[in-house]
Amino acid sequence: LRTSEDEPQGFVAILRDVTERKATEALYRRVVTASPVGIYIAQKGMFRFINPRFQEISGYSEEELLRMPASKLVHPEDKEKVHDRAVLMVKGRPVPPGEFRIITKEGETKWAMETISSIVYQGTRASLGNFVDITERHQSEIALRKALDASEKSENRYRDLYRQAPIA
């Protein structure tokens, strides 16, 4: 504030208590950093945010991921399915969790379950993804199916032998 002679007389200040906001931001950072789920934000086909678990699952560093198209991780045979889910999300339709394969930096194929939703990030529409490595579960399901198939074949052979036996 100045006097009529333009001499400094005082000042006006607006103070806000940001303690709660700072605590919320710190909690957010801890949750995202410690999450057992891979979390990412993608905009216009490029990664914009990656948490440590996502880096661990993919084998890529944050710097590498932030420079690559998100579709590079998706197994070629699953790209259409992943694209179709993204289109539904952009149209505002509910998108159930989806399973697909990714190719890690080391060239390993992993199965992932992903949920995606539309958000606004830095003023522009983006995708928020939660990403879980389900490779072990998927491999267990395949092994169980094989075991059940083998068991069924064995049971069928036993049944055939029983039916064809000349004596009761």
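This is a predicted model: local features need pLDDT of at least 70, side-chain atom pairs count only at pLDDT 80 or more; totals for chains, interfaces and linings use all residues.
1. E4 and E5 form a hairpin with two residues between them, and Gln-122 in that turn has a positive phi of about 50 degrees. Strands (E, at least two residues) and helices (H or I, at least four) are DSSP runs, numbered from the N terminus. Two strands count as paired if DSSP finds at least two bridges between them. E4 and E5 run antiparallel and are joined by 10 bridges.

2. Residues are numbered from 1 along each chain as its sequence is written, and side-chain values use heavy atoms, with hydrogens and water left out.

3. E3 and E4 also form a hairpin, with five residues between them. Gly-107 in this turn has a positive phi of about 85 degrees. The pairing is antiparallel over six bridges. Ile-103 has Thr-109 of E4 as its bridge partner.

4. A further hairpin is that of E1 and E2, with two residues between the strands; Lys-44 takes a positive phi near 50 degrees there. Four bridges join these antiparallel strands. Opposite Ala-42 stands Phe-47 of E2.

5. Helix H4 covers residues 79-90. The expected span of a helix is 1.5 Å times one less than its number of residues. For the 12 residues of H4 this gives 16 Å, and the end C-alpha atoms are 16 Å apart, which agrees. Just after the helix, Gly-92 has a positive phi of about 85 degrees.

6. Which residues of H4 are buried? They include Val-82, Arg-85 and Met-89. Seen down the axis of H4, the buried residues fall within an arc of 60 degrees, so they line one face of the helix. The arc is that of the directions from the helix axis to the C-beta atoms. Buried means under 20% relative accessible area, exposed means over 50%, and partly exposed lies in between (1.4 Å probe, protein chains only). An α-helix has 3.6 residues a turn, so residues three or four places apart point the same way. On the other side of H4, Glu-80 and His-83 are exposed. The buried residues of H4 pack against strands E3 (98-103), E4 (109-121) and E5 (124-133).

7. A nonpolar core is a set of buried Ala, Val, Leu, Ile, Met, Phe, Trp, Tyr and Cys residues joined through side-chain atoms within 4.5 Å. The largest one here has 20 residues, of which Tyr-40, Phe-47, Phe-54, Leu-65, Leu-73 and Phe-131 touch the most other members. E1 (38-43), E2 (46-50), H2 (52-58), H4, E3 and E4 each supply at least two residues of this core.

8. Phe-54 lies in helix H2. Is Phe-54 buried or exposed? Phe-54 is buried, with a relative accessible area of 1%. Leaving aside neighbours within four places in sequence, its contacts (heavy atoms within 4.5 Å) include Tyr-40, Phe-47, Leu-65, Leu-73 and Phe-131.

9. Ring pairs link Tyr-40, Phe-47, Phe-54, Phe-100 and Phe-131 into a cluster. Rings of Phe, Tyr and Trp (its six-membered ring) pair if their centres lie within 6.5 Å; planes under 30 degrees apart count as stacked, over 60 as edge-to-face and the rest as tilted. By this rule there are five aromatic pairs.
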